[in-house]
Amino acid sequence: MRISFFRSCLLVFSLVWVAAAQIGTSTITGRVSDPSGAVVPGASVTVSNIDTDFRFAATTNEQGLFRVPSLQPGRYRLSFEAAGFKRLVRDGVVVGAEDTLAVNATLEVGSVAESIEIKSSAPLLQTETSSTGTLVEGNFAYKMPFFQRTINWTMHLVPGMTAGGYAYPKTLGAYHIAGQRSGAIGIFEDGVVANDQMSGTNSINSILNSVAEVKVLTTTLPAEYGHSAGGVVSIVKKTGTNELHGLASWYGRGRRMQHRNFFEVNRNSQPTPDNPKGQQIFYMLPDANVGGPVLVPKIYNGRNRTFFYFGYQKMIEKQTKQYQGTVPDAAMKAGDFSFGGIGNPIFDPVTTRQAADRTWVRDPFPGNRIPVSRLDPVARKVLGIDPWHPPNRTGSYNASGPVSNLLYGERALSFREDYNGRMDHQFGPSFKIYGSYTYNEANGLGRPTNIRIWDFDGNHGDKSPYTQQNYSLGKTWVINPSTINDARIGYFRRRDDRYVFSYGKNYAALLGIPSVSAELLPSFGSGGDFSPDSIYGLT
């Protein structure tokens, strides 16, 4: 079965003919005519990338029309030749991601040995496509002060995008393009799908220093994007050129560069019981890239033929933020729920009885205090372990208990590492191939709040690292002037893990709870971290 599947993939990759639907690349089309306006069939059109000398050839048809697809973003030179006419060169044509440009040419009568060169022209309108969108250059996005430098931030720069609440840049969950749902947004990297097909909102994180351009298509999408009704984000990575280029930078901030938030009680440098050295803030994002021709001294010279590009970045985040929370106080742990006389009454279940009017009644515990001897043995063991942080503020009280009696520092300890690369090779004007990959890795460490023992923290006491990778391979084969074979194969893989610190420690037996699995700590409550219903975080 594997052999059959592999052969099927090769068959699709080799024989699927694409006439107009190239994803992630651009197209130049146009019409060639003479001074009288009559069309010039059979004219030779050569499109050359100025930086790599990758060449594409086309011939005008009976209507004088030509079309050159599968172009990477960049600067191009167009050459038009036909018998009986002067050679026309149009220089400096800039092609962006997902562009379909109409470049028309009017040839003058004369010898092909003569040439006319046009070095500047008016901006080219895209009249050959129905889609609307916004182009963001990769260098521009790289220079923007984006937090964590993720590619999804570029959607904040385009019209038609709305965000529901906090739009976390690592997912598409809160983004909406043209009013559509976030799960319908399509992410494409180098022409292949870069969405997690399980959730639809997780996507590959392309490194900004390696992105050539990002095109966000909002409405009236081309047919090749028919399965992405919520808009399209098309990412095209940089390719190497005939010149070797590299970059290295260090981006980040420390405690002295971070202002104190409005609601924070202490200064960043002020020691607290939870942070004896003050509030720690360390955020760094070093990155680098390198690209150019493949050169092996005395063996291979890849100029004008073979190019590489490699990018890298690493996020290092270590910081604390001051927050207020709630934990049970010493009186509560001793069974005292009076709260200065305002506590909700607690009734003794063993006094349950039927009154004369046939209603069921119970007697309250005197003074709203439960004798320690009446506490369940499991509860006494939990109280003996005492998994909560002790109160460090006076706070206040309501009928349910203490409020905001804990000032804690939510510790962020995050590491993320990203790699990407791309190779391009030109066999000739009619056949080109490329290969591309992106790799993301993140640690996903939880951020406990009021629980000091991670085993007991059901909300944050775990690690959720993930890795994801996106590979693509493609070729463009100009079989003849009217037939072009453009094929892509993509492979996206995401792996999510969850490491729970209480796993396999048989807490049920340690606490004396019968008939419960030994795998995980049982849940004692439900809700948020600071509510009595959750036993203040023991979920």
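**View 1. Ile 535, a partly exposed residue at 34% relative accessibility.** We're looking at a predicted model, where local features need pLDDT of at least 70 and side-chain atom pairs count only at pLDDT 80 or more, while totals for chains, interfaces and linings use all residues. Residue numbers start from 1 along each chain as its sequence is written, and side-chain values use heavy atoms, with hydrogens and water left out. Ile 535 is found in the segment after α5 (507–511); helices (H or I, at least four residues) and strands (E, at least two) are DSSP runs numbered from the N terminus. Although Ile 535 isn't a glycine, it has a positive phi of about 55°.

**View 2. Phe 339, a non-glycine with a positive phi.** Its phi is about 55°. Look for Phe 339 in the loop between α3 (330–333) and β22 (353–354). With a relative accessible area of 11%, Phe 339 is buried.

**View 3. Phe 310 and Tyr 419, a tilted aromatic pair.** A search of the whole structure turns up 15 aromatic pairs (ring centres of Phe, Tyr or Trp, the latter by its six-membered ring, within 6.5 Å; planes under 30 degrees apart are stacked, over 60 edge-to-face, the rest tilted). In this one, Phe 310 and Tyr 419 are 6.5 Å apart centre to centre, with 40° between the planes. Phe 310 lies in strand β21 (residues 306–325) and Tyr 419 in strand β26 (residues 406–428), so the pair ties together parts 109 residues apart in sequence. Phe 310 is partly exposed at 31% relative accessibility, and Tyr 419 is partly exposed at 26%. Zoom out a bit and you get one aromatic cluster, formed by Phe 310, Tyr 312, Tyr 419 and Tyr 439.

**View 4. Phe 310 again, now in a nonpolar surface patch.** Leu 244, Val 290 and Phe 310 make up this patch, with about 250 Å² of accessible area together. Patch members have over 30% relative accessible area and no salt bridge; like charges are joined within 9 Å, and nonpolar side chains (Val, Leu, Ile, Met, Phe, Trp, Tyr) within 5 Å. Accessible areas come from the Shrake-Rupley method with a 1.4 Å probe, and for residues only the protein chains shown count as cover. Leu 244 sits in the loop between β16 (232–237) and β17 (245–254) and is exposed, at 63% relative accessible area.

View 5. Asp 496 is partly exposed, at 49% relative accessibility. For another charge over a ring, see Lys 463, whose charged end sits over Tyr 499, 5.9 Å from the ring centre.

**View 6. Asp 190 and Arg 422, a salt bridge.** The closest N and O atoms of Asp 190 and Arg 422 are 3.1 Å apart. Asp 190 lies in the loop between β13 (186–189) and β14 (192–193) and Arg 422 in strand β26, so the pair ties together parts 232 residues apart in sequence. Asp 190 is buried at 3% relative accessibility, and Arg 422 is buried at 5%. Both belong to a salt-bridge network that links Glu 189, Asp 190, Lys 237, Arg 422 and Asp 424.

**View 7. Lys 215 and Asp 99, a buried salt bridge.** The structure holds 22 salt bridges; in this one the closest N and O atoms are 3.6 Å apart. Lys 215 is in strand β15 (residues 211–219) and Asp 99 in the loop between β6 and β7 (100–102), 116 residues apart.

**View 8. Strand β4 and its partner β1.** Strand β4 (residues 65–71) has 5 of its 7 residues buried, so it's largely enclosed by the rest of the structure. Strand β1 (residues 26–33) pairs with β4 in the antiparallel sense over 5 bridges (strands pair if DSSP finds at least two bridges between them). Ile 28 has Val 68 of β4 as its bridge partner.

Methods. Buried means under 20% relative accessible area, exposed over 50%, partly exposed in between (1.4 Å probe, protein chains only). A charge sits over a ring if NZ of Lys or CZ of Arg is within 6 Å of the ring centre and within 35 degrees of the ring normal. A salt bridge is a side-chain nitrogen of Lys or Arg within 4 Å of a carboxyl oxygen of Asp or Glu.
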